[in-house]
Amino acid sequence: MSQDKSYPENFNQYPKNYSQNPYPNDAAPQMQPPQDGTVYKTQNSTTHLIMGVVAGAAVTYLLTNKNVRSGIASTGEKAWSAVRGEVEELKERLEDTQAELEYYRNLHKGD
């Protein structure tokens with residue numbers, strides 16, 4: 001049998017039957033069927049229910065408590081005023097930078 005130059009030298013050592021088991025003595029790795037999580041769901045459904053009820057009760061208490069609501073509102077107002085102040089400061093810095101650029105453009109315009 002003559003070897004064609006397009007095939008590698010060890011071409012004949014590859015198996016001709018691709019359905020043949022490449023692992024000796026049936027040592028192929030066994031695949032586990034995927035679990036859909038039903039065991040986890042059945043074992044933890046009560047825990048999840050209790051945690052949801054507790055979390056819902058905590059959120060309800062925090063949102064209906066006047067002291068907590070006023071604290072949240074005052075914190076939000078302080079944060080919003082700080083953000084507005086910083087935005088105004090950035091606007092001023094931008095205007096100053098634009099004025100400096102315009103000054104330097106006019107300064108070197110006659111060169």
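A salt bridge is taken here as a side-chain nitrogen of Lys or Arg within 4 Å of a carboxyl oxygen of Asp or Glu, and a search of the whole structure finds 2 of them. This is a predicted model, in which local features need pLDDT of at least 70 and side-chain atom pairs count only at pLDDT 80 or more, while totals for chains, interfaces and linings use all residues. Residues are numbered from 1 along each chain as its sequence is written, and side-chain values use heavy atoms, with hydrogens and water left out.

**View 1. The salt bridge between Lys 91 and Glu 88.** The closest N and O atoms of this pair are 3.8 Å apart. Both residues lie in helix α2 (residues 66-107), 3 residues apart, so about one helical turn separates them; helices are DSSP runs of H or I with at least four residues, numbered from the N terminus. Lys 91 is partly exposed at 46% relative accessible area, and Glu 88 is likewise partly exposed at 42% (buried means under 20%, exposed over 50%, partly exposed in between, with a 1.4 Å probe and protein chains only).

**View 2. The salt bridge between Arg 105 and Glu 102.** Here the closest N and O atoms are 3.7 Å apart, and the two residues, 3 residues apart in helix α2, are separated by about one helical turn. Arg 105 counts as exposed, with 54% relative accessibility, whereas Glu 102 counts as partly exposed at 39%.

**View 3. Val 87 in helix α2.** The relative accessible area of Val 87 is 39%, which means that this residue is partly exposed.
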